[in-house]
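Hi everyone, thanks for coming. I'd like to walk you through a structure today, so let me put it on the screen.

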Amino acid sequence: MEDSKNNDYAEKFYLDCGISTKAIHAGEHVGQFPVSSHTNPIYQTSTFVFKNADEGARLFAGEESGYIYTRLGNPTVRLLEGKINALEGGDFKKANPHFRISTLAFSSGMSAVASTFLGLLSYGDTIILGNVVYGATEHLISNVLKKYNINSVEVDTSNLQEVKSAIKENPNAKMLFFETPTNPLLVVSDIKSISEIVKNVNPKIKIVVDNTFATPYLQRPLELGADIVIHSTTKYICGHGTVVGGLMTTYHDDVKDAVYMIIKDIGGSPSPFDTWLVNLGLKTLPLRMEKHCSNANIIANFLNTHPKVEKVYYPGLKDNPYYELAKKQMKDFGGMISFELKGGYDSGKKLMDNIELFTLAVSLGSVDSLIQHPSSMTHACVPKEKRLKGGISDGLVRISVGVEDVEDLIRSLDKGLSLV
Ligand SMILES: Cc1ncc(COP(=O)(O)O)c(C=O)c1O
């Protein structure tokens, strides 16, 4: 069952609008609501009532669009999906009006990743994987997909030559999956150049970009040549730390259909209430991202000259190797910063235990600032040798810069650093 009305509405009416207008209005007030509520209602229901037996039969046969059962579709969920079509579709949809952008919402970012893999990959397939991806994505591939004889080949996607070689050496590859910027060192890969290589060497490969760190405010992979975009909405898209959720967006109908089958059969669909919260948070995404980015820029420059800090990883610093590429590919440089303390692990631990205002927690993209230690927390499941090879040392600290007053964040960091 597919309610295309929401999606079409969002795409058609908001094509020429700016991103803030789309974030607030796209998909809202679509005529199907029974009463004209200003904010969209939460359809907190597991099932939907048919007018009569014939209508039920037509809905099941796919002859009519409408709602049957929330695992298969729900108006609150469809609203979020329509809004994301407008945001991720961006100029791609303008340049390619004949394509239909489709988004599917999930109960978590990992559900979006896993459903996309299961929908598109078959026994014996190969996936080319960015060498730095979220730990659970890596675990899913190396432990779960392996059982179904789906193999992975790792590649440093920031190195275009390596990408080209991997594609040539793996003619049976079906998918190239990567994140940019990566977690936690914020390595940036050139989506447009990678897409050109894939389209020239093996156009059958689907390019999947996990856009969680950037959000459609900073970067829209479909415009740059990717086939599929994935999000953990748990992060910036929701923005308030209230929900675990995910999204997949594509302009290929067959991809959408294959992944929708997985939702139907495995049931990774989100709860209407969670989706409502994500939609509420999404309305202020552009406002929040602007502040996340400007705060992070100021903090990265502060840390870069601090005597207790060895090295700062932030693509917005002019001496960062990805500065030029990030400037070209992204609207701004994001709200995530990692830094290496001179005193290594012990200093990192002292900073995390003593710092005020920054909450000691994993996850990211919330309105409040968070601090965490990748090697003992988010990346603890990565073997130490691999972690160190990837530049994630024991002294590395990651912060997700919130939207507080930057002077207060600097004061907290300064005080915290004076104690290490
Ligand atoms: C880049 C990235 N992708 C996917 C995920 C998984 O998302 P979730 O925790 O919502 O399942 C995360 C979670 O941190 C992430 O950082």
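**Helix pairs, domains and a ligand shell**

For the classes, Ala, Val, Leu, Ile, Met, Phe, Trp, Tyr, Cys and Pro count as nonpolar, Asp, Glu, Lys and Arg as charged, and the others, Gly among them, as polar.

Some housekeeping. This is a predicted model, where local features need pLDDT of at least 70 and side-chain atom pairs count only at pLDDT 80 or more, while totals for chains, interfaces and linings use all residues. Residues are numbered from 1 along each chain as its sequence is written. Helices (H or I, at least four residues) and strands (E, at least two) are DSSP runs, numbered from the N terminus.

Back to our pair. The axes of α7 (residues 160-169) and α8 (residues 191-201) cross at roughly 25 degrees and come within 10 Å. That makes α7 roughly parallel to α8; angles under 35 degrees count as roughly parallel, over 145 as roughly antiparallel, 65 to 115 as roughly perpendicular and the rest as oblique. The axes are lines fitted to C-alpha atoms, for helices over the stretch in contact, and angles run from 0 to 180 degrees between N-to-C directions.

Threonine 180 and proline 181 are joined by a cis peptide bond, omega about -5 degrees, and proline 181 sits in the loop between β4 (173-179) and α8. Asparagine 183 to proline 184 is also a cis peptide bond, with omega near 0 degrees, and proline 184 is found in the loop between β4 and α8.

Now the domains. The protein is divided into domain 1 (4-282) and domain 2 (285-418), with bounds from an automatic or database domain assignment. Their C-alpha centres lie 27 Å apart. Domain 1 gives 28 residues to the contact and domain 2 gives 32. On the domain 1 side, α2 (19-25), α6 (135-144) and α9 (215-218) are the elements giving two or more residues. Helix α9 also holds threonine 215, whose phi is positive, near 70 degrees, in a residue other than glycine.

Over in the other helices, α12 (residues 285-304) and α16 (residues 406-418) have axes that come within 10 Å and cross at roughly 30 degrees. They are therefore roughly parallel to each other, and their crossing is right-handed. Asn295, Ile298, Ile299 and Phe302 of α12 make the contact with Val406, Leu409, Ile410 and Leu413 of α16.

Which way does α4 pass α11, left-handed or right-handed? The crossing is left-handed, and these two helices pack at about 35 degrees with axes 8 Å apart.

Last, the ligand. It is surrounded by 14 residues, and the closest are Ser108, Gly109, Met110, Ser232 and Thr234; near asks for a C-beta atom, placed from the backbone, within 6 Å. The shell around the ligand has five nonpolar, seven polar and two charged residues.

Thanks, everyone!

Note on methods: Two residues are in contact if their C-beta atoms, placed from the backbone, lie within 7 Å. A crossing is left-handed if the near helix is turned anticlockwise from the far one by less than a right angle, and right-handed if clockwise.
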